[in-house]
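Student: I would like to learn how to read a fold from its coordinates. Can we go feature by feature?
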Amino acid sequence: MRIVIAGGHGQIALRLERVLAARGDEVAGIIRKAEQGDDLRAAGAEPVLLDLESASVEEVAAYLQGADAAVFAAGAGPGSGTGRKDTVDRGAAVLFADAAVRARVRRFVMVSSMGADPAHRGDDVFDVYLRAKGEADAHVARQETLDWTILRPGALTDEPGTGLVRLEARTGRGPVPRDDVAAVLAELVDTSATAGLTLELIGGSTPVSVAVKSVAGN
């Protein structure tokens with residue numbers, strides 16, 4: 001498969017690139033800074049230099065041509081203000097989804113956040129973030145030509161992955177290692193039977209592949 005990842009230098013994305021490359025997939029990661037390219041190459045991915053805050057749909061679609069799947073894993077990140085929550089967490093996600101539609105890429109996996117809700121109230125930065133992520137999720141879900149799956153992980157940690165998770169429509173809050181998020185994403189990319197599902201993810205007791213298969217088609 002050829003898989004294009006938005007936010008290719010993110011902590012989850014770099015892990016995902018390693019997993020995908022190790023299993024033989026062709027991976028490209030979209031990055032904003034040329035100096036991030038070496039990290040992607042080390043992970044086995046092709047760096048694509050493109051700013052999703054200023055690119056056009058046509059520009060992004062050109063890089064998505066011929067891809068089997070697209071994964072949105074970009075984020076404004078901690079320390080960013082409300083403006084970039086809108087331009088990255090909402091705007092870039094909307095752009096990437098629209099570009100996937102334009103490029104006729106059907107499989108689309110969205111990394112969201114637990115609690116994402118377009119109707120979330122509040123004016124703090126985290127409130128704006130959850131609203132932006134919710135608006136982006138809602139936009140993706142409206143794209144009838146995308147076989148989309150939205151993944152909403154719980155509190156992310158850098159603990160080593162266990163390969164054991166809880167993946168359901170509603171899990172309740174809890175931590176999950178970034179390693180395990182990447183492992184689930186790799187399975188979801190391959191499992192189009194999860195199309196149309198919004199799933200929450202936390203650490204648990206079910207092996208990743210079993211957890212994905214158990215929700216497929218539900």
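Tutor: Let us start with contacts. Contact means heavy atoms within 4.5 Å. Keep in mind that this is a predicted model.

Student: Which residues is Ile5 in contact with, leaving aside its neighbours within four places in sequence?

Tutor: The list is Ala13, Leu16, Glu17, Leu20, Val27, Ala28, Gly29, Ile30, Val71 and Ala73. Ile5 also belongs to the largest nonpolar core, which has 35 residues. Ile5, Leu151, Leu167 and Val184 touch the most other members. Helix 6, residues 178-190, gives the most to this core, with 7 residues.

Student: Which residues does the second, separate core include?

Tutor: That core has 32 residues, including Val4, Ala67, Leu95 and Ala136.

Student: Now the sheet. How do strands pair in general?

Tutor: Strands of a sheet pair through backbone hydrogen bonds, either parallel or antiparallel. Here 9 strands form an open sheet in the order 3-2-1-4-5-6-10-8-11. The pairing is mixed.

Student: Which strands stand at the edges?

Tutor: Strand 3 (46-49) and strand 11 (206-207) do. Each has a single partner strand, so one side of each is left without a neighbour in the sheet.

Student: In which sense do strand 1 and strand 2 pair?

Tutor: Strand 1, residues 2-6, and strand 2 pair in the parallel sense over 5 bridges. Ala6 stands opposite Ile30 in strand 2. Strand 2 is mostly covered, with 5 of its 6 residues buried. Strand 5 and strand 6 (residues 147-153) also pair in the parallel sense, over 5 bridges. There, Phe108 has Trp148 in strand 6 as its bridge partner.

Student: How do I look for pockets?

Tutor: Rolling a probe the size of a water molecule over the atoms shows where empty space is left. In this model the largest pocket has a volume of about 1,100 Å³. It is lined by 41 residues, and the closest to its centre are Ala73, Ala74, Gly75, Ala76 and Gly77.

Student: Which elements give two or more residues to the lining of the largest pocket?

Tutor: They are helix 1 (11-22), strand 2 (26-31), helix 4 (82-102), helix 5 (125-141) and strand 7 (155-157). Helix 4 gives the most, with 5 residues. By class, the lining has 20 nonpolar, 11 polar and 10 charged residues.

Student: Next, single residues. Is Asp137 buried or exposed?

Tutor: The cut-off for buried is under 20% relative accessible area. Asp137 has 2%, so it counts as buried. Its place is in helix 5. Leaving aside neighbours within four places in sequence, Asp137 is in contact with Met110, Ser112, Ala116, Ile150 and Arg152.

Student: And what about the backbone? What is phi of Arg104 near?

Tutor: Most residues other than glycine have a negative phi. Phi of Arg104 is near 60 degrees, a positive value in a residue other than glycine. Arg104 sits in the loop between helix 4 and strand 5 (107-111). Arg104 is exposed, with a relative accessible area of 77%.

Student: One last case. Which residues does Val215 touch, not counting residues up to four places away in sequence?

Tutor: Val215 touches Leu167, Thr194, Leu197 and Leu199. Val215 lies in helix 7, residues 208-215. With a relative accessible area of 8%, Val215 is buried. Now look along the chain. Val215 and Glu168 are 47 residues apart, yet their C-alpha atoms are separated by 7.0 Å.

Conventions. Residues numbered from 1 in each chain as written. Predicted model: local features only at pLDDT ≥ 70, side-chain atom pairs only at ≥ 80, totals over all residues. Heavy atoms only, no water. Core = buried A, V, L, I, M, F, W, Y, C linked by side-chain atoms within 4.5 Å. Buried < 20%, exposed > 50% of the residue type's maximum accessible area, 1.4 Å probe, protein only. Helix = DSSP H or I, 4+ residues; strand = E, 2+ residues; numbered from the N terminus. 1 Å grid on protein atoms, 1.4 Å probe; cavity = no way out; pocket = protein on both sides within 12 Å on 5 of 7 lines; lining within 4 Å. Points joined across faces, edges and corners; volume = space filled by probe spheres on them. Nonpolar A, V, L, I, M, F, W, Y, C, P; charged D, E, K, R; others polar. Pairing = 2+ DSSP bridges.
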